[in-house]
Amino acid sequence: MTISLDEQYLTVKELSGKIKFSQQTIYNMIHKGVFVKGRDYIKPRPKKVLFLWSAIFAWLESQGGCESCKEPEIEQTITAPKSLINI
């Protein structure tokens, strides 16, 4: 992989602020293979991750923009409390 000097690199914190995903969600996406090392991000040191903004921007565009790629909402199930009266 050739690294371009004019490419914009973002830390996880910077990317999180820019695309409005939590830092943990970004790490989860790396773990799930949504973001691929060498294509979407580089690791110059073992604990340092830098994202290539052009690759992330292209991914966002392929998802239909930021509005359609928000974190999924968690469905909540409401259960009625059990009766305290035993008949």
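Analyst: Contact means heavy atoms within 4.5 Å. Among contacts between residues at least 6 apart in sequence, 48% join residues at least 24 apart. This is a predicted model, in which local features need pLDDT of at least 70 and side-chain atom pairs count only at pLDDT 80 or more, while totals for chains, interfaces and linings use all residues. Residues are numbered from 1 along each chain as its sequence is written, and side-chain values use heavy atoms, with hydrogens and water left out.

User: What makes a stretch count as one of the helices or strands of the protein?

Analyst: Helices are DSSP runs of H or I with at least four residues, and strands are runs of E with at least two, numbered from the N terminus. On that basis the protein has three helices and three strands, in the order β-α-α-β-β-α.

User: How do you know that β2 and β3 pair?

Analyst: Two strands pair if DSSP finds at least two bridges between them. Three bridges join β2 to β3 (residues 48-52), so they pair, and they run antiparallel.

User: Which residues make the contact between α1 and α3?

Analyst: Leu15, Lys18 and Ile19 of α1 meet Trp53, Ile56 and Leu60 of α3.
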